[in-house]
Amino acid sequence: NVAWRFYRAHRYPTEKEKIFDPYIAFVRYLATLWDRFPNVVAIELLNEPPVGGLPYIGDATKTRTDLWDFYAAVMTELDKGPQIVKAPLVVEDTMGSSLPPAVDVALQFTHLEALSLKAMAKVGEWSRKGQLIYEFHWYASTLTQASLDKYYKGAQTVAYLIGNPPIYLGEFWTPTAKESAEWLGYAISLGIHAATYWQFVDTNFTGTDGWYIYPPGISKNLFDFTEASEVNWAQWDTYSKSVANNTYWGAYICGSGGGHMGVLAQVPE
């Protein structure tokens with residue numbers, strides 16, 4: 001499992017050289033972009049970090065501990081060397097989740113999927129110097145005020161463990177721009193420090209609801225299938241040719257659709 005190996009690579013000399021050190025070099029490069037461009041707010045270390053160690057349950061249950069130890073190792077490495085990293089870092093819990101406060105407390109108390117003391121100390125150090133943001137995602141089965149309140153309280157519990165950095169609602173999705181705008185407003189009214197929705201798309205430019213453009217005659221639902229019998233093979237052939245001649249411009253995969261524009265103008269005052 002790649003995630004299990006990636007989170008633990010800083011522990012072993014060979015893995016560190018082949019996996020961890022190149023990652024650190026890339027983060028340092030991103031930090032130079034923060035130095036140069038005022039529209040770069042922070043550097044997110046991982047988006048929705050996956051569970052590692054599967055199918056071995058024993059290893060999988062250590063994912064959260066391994067993840068936060070990895071964050072601490074990254075920050076320790078960035079504190080070294082002549083080039084000081086001034087950019088803030090954004091961190092998420094496993095899968096970008098937000099657990100109920102009681103569950104977080106229980107995990108810490110029982111040391112199951114707990115944040116290690118060493119990790120909390122190092123990550124808290126970055127929080128205290130104003131270089132940390134804690135991010136959570138809100139993908140509840142039903143979007144309600146009570147649901148967001150619950151997710152936010154879970155995020156506050158983790159933030160407390162790492163020095164109370166600003167909390168950022170990084171992702172949620174609604175079917176309309178108006179709904180996304182309303183939830184952005186409510187999130188800020190709760191006290192969440194920053195919020196963004198999934199996702200902004202210039203639909204006038206792409207002609208679709210995602211960051212992809214299809215050749216003329218291609219349905220936006222081309223990739224929306226579960227069986228080969230559902231595929232429009234004539235359209236598939238047309239799209240395949242655009243890939244072969246390098247004129248293609250993406251495709252609807254991995255949740256890349258469902259975007260909106262004009263959201264911020266509708267956020268309640």
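About 40 Å³ of space lies in the largest cavity of this predicted model. Let me start there. Grid points are joined across faces, edges and corners, and a volume is the space filled by probe spheres set on the points. The count is 1 cavity of 30 Å³ or more.

Which residues line the largest cavity? They are Arg28, Ala31, Thr32, Asp35, Gln83, Ile84, Val85 and Lys86, each with an atom within 4 Å of a point. By class, that lining has 3 nonpolar, 2 polar and 3 charged residues. Nonpolar here covers Ala, Val, Leu, Ile, Met, Phe, Trp, Tyr, Cys and Pro; charged covers Asp, Glu, Lys and Arg; the others, Gly among them, are polar.

Two housekeeping points. Residues are numbered from 1 along each chain as its sequence is written, and side-chain values use heavy atoms, with hydrogens and water left out. This is a predicted model, where local features need pLDDT of at least 70, side-chain atom pairs count only at pLDDT 80 or more, and totals for chains, interfaces and linings use all residues.

Now the pockets. A pocket is an open set of points with protein on both sides within 12 Å along at least five of seven lines. The largest pocket holds about 300 Å³ of space. Its lining has 19 residues, and Glu44, Val90, Glu135, Tyr168 and Thr196 lie nearest the centre. Strand 1 (43-44), strand 3 (132-137) and strand 4 (167-171) each supply at least two residues of that lining. Strand 4 gives the most, with 4 residues. Helices (H or I, at least four residues) and strands (E, at least two) are DSSP runs, numbered from the N terminus. The lining of the largest pocket splits into 11 nonpolar, 5 polar and 3 charged residues.

The second largest pocket has a volume of about 220 Å³. There, 13 residues make the lining, with His10, Ala72, Ala73, Thr76 and Lys118 nearest the centre. Which helix supplies the largest share of this lining? Helix 4, with 5 residues. Helix 2 (13-36), helix 4 (63-78) and helix 6 (117-128) each supply at least two.

Axes are lines fitted to C-alpha atoms, for helices over the stretch in contact, and angles run from 0 to 180 degrees between N-to-C directions. Helix 2 and helix 4 pack at about 65°, axes 11 Å apart. Their crossing is right-handed; that means the near helix is turned clockwise from the far one by less than a right angle, while anticlockwise gives left-handed. Contact means heavy atoms within 4.5 Å. From helix 2, Lys16, Phe20, Tyr23, Ile24, Val27 and Arg28 meet Phe70, Ala73, Val74, Glu77 and Leu78 in helix 4. This contact has 8 nonpolar, no polar and 3 charged residues.

Next, helix 4 on helix 6. The angle is about 50°, and the axes are 8 Å apart. That makes helix 4 oblique to helix 6. The cut-offs: under 35 degrees is roughly parallel, over 145 roughly antiparallel, 65 to 115 roughly perpendicular, the rest oblique. This crossing is left-handed. Trp68, Asp69, Tyr71, Ala72, Met75, Thr76 and Leu78 in helix 4 meet Ala119, Lys122, Val123 and Trp126 in helix 6. The classes come to 8 nonpolar, 1 polar and 2 charged.

The crossing is right-handed. Gln145, Leu148, Asp149 and Tyr152 in helix 7 meet Trp183, Tyr186, Ala187 and Leu190 in helix 8. The contact divides into 6 nonpolar, 1 polar and 1 charged.

Last, the backbone. Where are the cis peptide bonds? One joins leucine 54 and proline 55, omega about 10°. Proline 55 sits in the loop between strand 1 and helix 3 (57-60). Another runs from tryptophan 198 to glutamine 199, omega near -5°. Glutamine 199 is in the loop between strand 5 (194-195) and helix 9 (203-206). Finally, methionine 95 has a positive phi of about 65°, although it is not a glycine. Methionine 95 lies in the loop between strand 2 (89-92) and helix 5 (101-110).

Notes
On a 1 Å grid over the protein atoms alone, a cavity is a set of points where a 1.4 Å probe fits but cannot get out, and a pocket is an open set with protein on both sides within 12 Å along at least five of seven lines; lining residues have an atom within 4 Å of a point.
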